[in-house]
Amino acid sequence: MRQPLIIDRSRDQHFMAEALALAAKGAELGEVPVGAVLVQDGEIIGRGFNCPISTHDPSAHAEMVAIRDAAAHLQNYRLPGSTLYVTLEPCSMCAGLIVHSRVQRVVYGATEPKAGVVQSRGEFFQQGFLNHRVLVEGGLMAAECGAILSEFFRRRREQR
């Protein structure tokens, strides 16, 4: 039996720290440092970091990788009662996947002014045509999540 959703800020910070650690792994591989973990009933069921370059897969965003990992782990394409922690505001591709996989809640860190569709470029999850509602919270550990991205792009500019 699935437990009801209880929001716990210290638990949210713990899981966002896990996502940040995954983002750092991606940065080590030269990938844009975005990390994600999917949690259900207090346990991580999926992990991912951006890896489109190394996998030659344009869909290999952190959220996509974490959701695929969780679905394979549970042997189910639906992930009800789960919370996705991601270091960067999701894009349209990832937002669509979040709805289709029935993720209950998304907690993200930094906003993405160019392509984020939770608040920056629109409010995707508020669209009336969607058949699943997602609870969303942004800004958790935003400074840390933004700093890893800023540092990555600063180093990249220096290398050029």
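Throughout this tour, a residue is called buried when its relative accessible area is under 20%, exposed when it is over 50%, and partly exposed in between, with a 1.4 Å probe and protein chains only. This is a predicted model, in which local features need pLDDT of at least 70 and side-chain atom pairs count only at pLDDT 80 or more, while totals for chains, interfaces and linings use all residues. Residues are numbered from 1 along each chain as its sequence is written, and side-chain values use heavy atoms, with hydrogens and water left out.

**The annotated span**

Begin by selecting residues 10–132, which an unreviewed UniProt entry annotates as "domain: CMP/dCMP-type deaminase". UniProt positions are given in the numbering used here, feature names are shortened, and annotations may be inferred rather than shown by experiment. The span is 37% helix and 21% strand, and its end C-alpha atoms lie 27 Å apart. Helices (H or I, at least four residues) and strands (E, at least two) are DSSP runs, numbered from the N terminus.

**The listed binding site**

Next select His61, Cys91 and Cys94, which UniProt lists under "binding site" in an unreviewed entry. They span 34 residues in sequence, yet no two of their C-alpha atoms are more than 9.3 Å apart, so they gather at one spot.

Is Cys91 buried or exposed? With a relative accessibility of 13%, Cys91 counts as buried, and its place is the loop between strand E3 (82–88) and helix H4 (92–100). Contact here means heavy atoms within 4.5 Å; not counting residues up to four places away in sequence, Cys91 touches His61, Glu63, Ala115 and Val117.

Cys94 belongs to helix H4 and is buried, at a relative accessible area of 0%. Leaving aside neighbours within four places in sequence, Cys94 is in contact with His61, Glu63 and Met64.

**Glu63 in helix H3**

Now move to Glu63, in helix H3 (residues 62–74). Leaving aside its neighbours within four places in sequence, Glu63 has among its contacts Cys91 and Cys94, together with Ala36, Leu84, Val86, Leu88, Pro90 and Leu97. Glu63 is buried yet has no salt bridge, the nearest side chain of opposite charge being that of Arg68, 11 Å away.

**The buried side of H4**

Return to H4 and colour its buried residues, which are Cys94, Ala95, Gly96, Ile98 and Val99. These buried residues pack against H3, E3 and strand E4 (105–110).

**Thr87 in strand E3**

From there, select Thr87 in strand E3, a residue that is buried with a relative accessible area of 0%. Not counting residues up to four places away in sequence, Thr87 touches a set that includes Met16, Ala19, Leu20 and Ala23, as well as Gly109, Ala110 and Cys145.

**Helices H1 and H5**

How do H1 and H5 lie relative to each other, parallel or antiparallel? Helix H1 (residues 9–28) and H5 pack at an angle of about 5 degrees, with their axes 10 Å apart, and are therefore roughly parallel to each other. The contact is made by Met16, Leu20, Ala23, Ala24 and Ala27 of H1 and by Glu144, Cys145, Ile148 and Phe152 of H5. Axes are lines fitted to C-alpha atoms, for helices over the stretch in contact, and angles run from 0 to 180 degrees between N-to-C directions; those under 35 degrees count as roughly parallel, over 145 as roughly antiparallel, 65 to 115 as roughly perpendicular and the rest as oblique.

Centre on Phe152, in helix H5 (residues 142–159), which is buried at a relative accessible area of 11%. Leaving aside neighbours within four places in sequence, Phe152 is in contact with Ala27, Gly30, Glu31, Val32 and Pro33.

**Positive phi angles**

Most residues other than glycine have a negative phi. Gln75, not a glycine, has a positive phi of about 55 degrees; Gln75 sits in the loop between H3 and E3 and counts as exposed, at 69% relative accessibility. Finish at Met141, also not a glycine, with a positive phi of about 55 degrees; Met141 lies in the loop between strand E5 (135–138) and H5 and is buried, with a relative accessible area of 18%.

Note on methods: Lys, Arg positive; Asp, Glu negative; His and termini not counted. Salt bridge = Lys/Arg side-chain N within 4 Å of Asp/Glu carboxyl O.
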